[in-house]
Amino acid sequence: MILKAKNVEKTFRKSSFHLQIDHFKITEGNFTAVLGPNGSGKSTFIKIILDLLFADSGQITLLDSDHKNCKTRTEVSYLPEKFSFQDNFTVRQMLHAFADIKPPRLTTTDHKIDELASAFNVNFLDTKIKNLSKGMTQTTALMYTFLADDRLYILDEPFNGLDAVQKKAIMDYIFQLKEERNISILITTHILSDIDKTCDTLYLIKNGRLVNSATKAEIQQKFSSVEEYYLNHFENNQSVIS
Amino acid sequence: MIRYNLRTLLKNKVLWAWPIVYFLFTLVIFAWGDITSAQNSYSFILVLGGVHISSSMFISQFVSITTLITVVGLPSHFFKNLKSERAALLLSKPISRSDFFLADFASVMILAFFYTFICIMLLAILMAVKAAIFPFQLFLGFLLFLPLLLLTYYITIVLILILTNSFLGAVFFGYFLTGFSSLFLDIKQIFRFFGIKSKLAHVAITLLSYLIPSAEGAERILNQIFSGGFTAIDGSLFVFVLVSCLPFGLLSYYLFLKKEF
């Protein structure tokens with residue numbers, strides 16, 4: 001089991017937002033998406049998994065250990081929706097700086113950077129981060145995410161600001177990793193076309209609660225697309241899944 | 001994490017001003033000035049354009065400039081690391097909040113020693129060439145106690161950064177609060193000046209003196225070394241400076257462990 005969350009609760013007193021995840025799991029090699037409108041609790045849940053936010057109660061097991069143990073993150077990479085790199089670093093320098101904290105496990109940092117640059121069509125490795133466009137910065141962030149050879153990648157709105165060609169290059173790389181190393185992915189997005197036909201499992205979240213989950217086979221059986229599945233649940237009032 | 005911090009700190013252009021100021025000073029004295037040594041090796045006089053500057057004045061000016069540069073430059077990386085956009089990148093790696101916090105202080109101290117060492121080398125070359133002196137204890141005092149002085153300011157600034165997330169507020173308030181600690185070293189005089197006789201006030205202010213990192217204490221130790229070498233250090237003052245760093249340091253550590261990003 002890659003990730004298992006049970007009865008996780010978190011209340012923000014200021015906004016009175018309440019997150020309650022009764023049951024959530026990701027198995028080895030699974031591509032899981034959490035879908036929901038803005039402010040539904042997707043990023044909050046991810047931050048709790050990574051111990052950036054503290055849950056009020058509940059149990060989370062990450063790679064067979066308690067998620068609060070920082071060693072569990074040895075094989076987990078996270079791309080937050082909002083991130084901030086060192087502006088005065090070049091892309092290469094920034095990647096080397098983060099590789100100081102967690103280097104690639106299977107190859108050298110330089111080799112991995114070259115591999116990612118080639119896969120993501122990046123020709124701005126020696127450009128300072130402050131001079132990058134939005135799409136370039138997002139691609140850089142994805143390079144940062146895939147720098148270490150991990151088992152679980154958590155991607156929060158990973159395709160913000162990317163064009164179709166770049167999105168395809170990144171998805172191709174993800175599928176290559178999945179084939180080579182059977183990686184697991186947890187992705188959140190509100191752009192449904194990004195994950196159409198790619199996810200093995202989908203969870204729908206609304207107002208801090210998981211309202212439905214389905215496998216790819218179930219969606220293909222009942223709906224024509226992920227979008228239809230999504231609209232079907234959010235346009236109707238659905239009960240919370242147990 | 002220490003290497004990551006050091007990469008960031010070494011790219012900090014504000015901090016570059018520290019060795020650059022010393023370098024420019026060395027160049028100026030080489031070109032236009034002179035140094036004459038007094039009878040003992042701790043004292044010297046700088047001569048520049050007919051102006052005579054005593055070693056104590058020179059040292060106090062340089063300590064002040066260094067403090068000013070570092071108070072502005074040193075905390076900027078910690079401030080950025082505290083933002084949730086950066087903290088999420090760092091704390092999602094296999095490092096604990098404890099590692100994150102302690103590595104930051106370790107990195108800052110390594111950098112402070114490194115830049116102090118560069119400055120000492122420049123001064124050593126200057127004094128050897130111009131006055132044929134090598135005041136070893138002065139240099140060693142600089143190397144050991146200038147970073148300690150900077151640490152007293154940094155601890156206060158870090159605490160305020162964690163509490164407020166405001167860089168400017170932390171720098172200004174930290175600078176003045178740590179500077180304010182100088183009052184506590186002359187408590188008896190202050191009591192006499194204000195005519196305070198209450199025992200409770202005595203106890204309260206004495207306790208307060210141990211709460212705020214004592215920059216003035218570290219500065220006085222530096223002056224003691226410059227005037228009489230290491231044997232002149234007041235041991236109780238040294239312990240007081242170290243102890244005064246603990247409350248704010250430990251409180252920052254505790255608050256950081258509880259901080260959500």
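Select Gln224(B) and show what surrounds it: leaving out residues up to four places away in sequence, Gln224(B) touches Gly229(B), Ala232(B), Ile233(B), Asp234(B) and Leu237(B), where contact means heavy atoms within 4.5 Å. Gln224(B) sits in helix α11 (residues 215-228) of chain B; helices (H or I, at least four residues) and strands (E, at least two) are DSSP runs, numbered from the N terminus. Gln224(B) counts as buried, at 19% relative accessibility. The cut-offs are under 20% relative accessible area for buried, over 50% for exposed, and partly exposed in between (1.4 Å probe, protein chains only).

A word on the ground rules before moving on. This is a predicted model, in which local features need pLDDT of at least 70 and side-chain atom pairs count only at pLDDT 80 or more, while totals for chains, interfaces and linings use all residues. Residues are numbered from 1 along each chain as its sequence is written, chains are lettered from A and ligands numbered from 1 in the order in which they are written, and side-chain values use heavy atoms, with hydrogens and water left out.

Next, stay in chain B and select helix α5 (residues 84-91). Six of its eight residues are buried, so this helix is largely enclosed by the rest of the structure. Colour the buried ones: Arg86(B), Ala87(B), Ala88(B), Leu89(B), Leu90(B) and Leu91(B). What lies over them? The cover includes β6, α2 and α4 (134-145) of chain A, along with α1 (2-10), α4 (75-82) and α6 (97-131) of chain B.

That brings you to the interface. Here 28 residues of chain A are in contact with 24 residues of chain B. The area buried between the two chains is about 2600 Å², with carbon and sulfur atoms giving 57%; buried area is the accessible area (1.4 Å probe) that two parts lose on being put together, summed over both. Pick out Leu52(A), Asp100(A) and Ile101(A), which supply 24% of the area that chain A buries against chain B, more than any other three residues.

Now look for charges across the interface: there are four salt bridges between chain A and chain B, each a side-chain nitrogen of Lys or Arg within 4 Å of a carboxyl oxygen of Asp or Glu. One of them joins Arg7(B) to Asp100(A), with the closest N and O atoms 2.5 Å apart. On the chain A side, α2 (91-101) and β6 (76-79) each supply at least two residues that touch chain B, and α2(A) gives the most, with six residues.

Asp51(A) lies in the loop between α1 (42-49) and β4 (57-62) of chain A and Lys68(A) in the loop between β5 (65-66) and β6, so the pair ties together parts 17 residues apart in sequence. Buried or partly exposed? Asp51(A) is buried, with a relative accessible area of 9%, whereas Lys68(A) is partly exposed, at 44%.

Then go to Glu75(A) and Arg105(A), another salt bridge (3.3 Å, N to O). Glu75(A) is in the loop between β5 and β6 and Arg105(A) in the loop between α2 and α3 (109-119), 30 residues apart.

Last stop: Glu115(A) and Lys112(A), whose side chains meet in a salt bridge (3.4 Å, N to O). Lys112(A) is buried at 2% relative accessibility, while Glu115(A) is partly exposed at 28%.
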